[in-house]
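Here is a short briefing on one protein chain. Take a look at the structure before reading on.

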Amino acid sequence: MNKIISMILLCALLLACFSGCSTPKAPADMNDPGDEIESTPNDKENEENPDNVIDPTPDDEEGEKDPANEIDPTPDDNGDEQNPGNEIELPNHFHGEKDPANDDAGNSIDEAALKAIFEQLRADADANAKLEFWVAYEQEYYELKNSDEYANCDWMESLFTVSVSCSYDDAVNEDWYQQCSATDVRSLNEAFFRQYGVDILNGQHVNASWSTGMDLLYSSPDGFCSDYDAIKVLLQLGYVKQISIGYIFGLPGCYFME
């Protein structure tokens, strides 16, 4: 979807540039009827009257041309008409500047350790129907990692995501629920996290109003592994309907701008 939106914006920009440059400007003498002089018979007689004829001399001809007043289009004049300063360059590929502090976070994965974590999560998901595990952008990550095209791009971090889905209708008798002063989703999410998140120390808690339960982000596989046992304990709660764990491989930021 980001690629489609980016392509639409790019096409609109190109059309705007071409439409602004394609309208020719007609000469002022041809378009302004007020400047035209209608010749009458009297004017014609005056033109043919020898007494009124002025024989142009070489000096008069040079004066009529007045080289000082002529505008000779030079390469500089043409450049001014095109106004290079206002032109928009559309590079073939959008590369973000590489952040030295990032140190290729997307390329610093310990593949062997990550593979072992994946195998454990898949085995646990097979053993418990309430646990789900998925992976995103794995193939794209390894393809782009080995491509020189994205060598100078700033890579996004790879992340573990944890989503604990709850049915609060089944939790109304829980002490933490009854002690909650409000029953909107965000308030219940916060109360649930305060109750059961005491042993979850390394994840970034995200309280989303559209998601009931607990959402966590981990940029460090070690941090996720440290909290994994505390996360699995939540599967024992009757009102926890599912725990979905995912791993999103980090890709170059400019990949999504193409």
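Two strands count as paired if DSSP finds at least two bridges between them. Keep that in mind for His205, which stands opposite Leu216 in strand 4. The model is predicted.

- Five strands make up an open sheet with mixed pairing, and their order is 1-5-2-4-3.
- Strand 1 (131–136) and strand 3 (204–206) sit at the edges. Each has a single partner strand, so one side of each has no neighbour in the sheet.
- On average, neighbouring strands here are turned by 20° against each other, direction ignored.
- Strands of a sheet pair through backbone hydrogen bonds, either parallel or antiparallel.
- Strand 3 and strand 4 (residues 213–218) run antiparallel, and three bridges join them.

**The helix across the sheet**
- Helix 10 (residues 221–233) lies across strand 1, strand 2, strand 4 and strand 5.
- Helix 10 runs at about 155° to strand 4.

**The disulfide**
- The structure holds one disulfide.
- Cys153 and Cys254 form this link, with their sulfur atoms 2.2 Å apart.
- Cys153 lies in the loop between helix 7 (138–145) and strand 2 (159–166), while Cys254 lies in the segment after strand 5 (240–248). The pair therefore ties together parts that are 101 residues apart in sequence.
- The link of Cys153 and Cys254 is right-handed, with 90° about the S-S bond.
- Cys153 and Cys254 are both buried.

**Two further cysteines**
- Buried means under 20% relative accessible area.
- Cys166 has 8% relative accessibility, so Cys166 counts as buried.
- Cys180 has 15% relative accessibility, so Cys180 counts as buried too.

How values were computed. Residues numbered from 1 in each chain as written. Predicted model: local features only at pLDDT ≥ 70, side-chain atom pairs only at ≥ 80, totals over all residues. Heavy atoms only, no water. Disulfide = S-S within 2.5 Å. Helix = DSSP H or I, 4+ residues; strand = E, 2+ residues; numbered from the N terminus. Buried < 20%, exposed > 50% of the residue type's maximum accessible area, 1.4 Å probe, protein only. Axes fitted to C-alpha atoms, helices over the stretch in contact; angles between N-to-C directions. Contact = heavy atoms within 4.5 Å.
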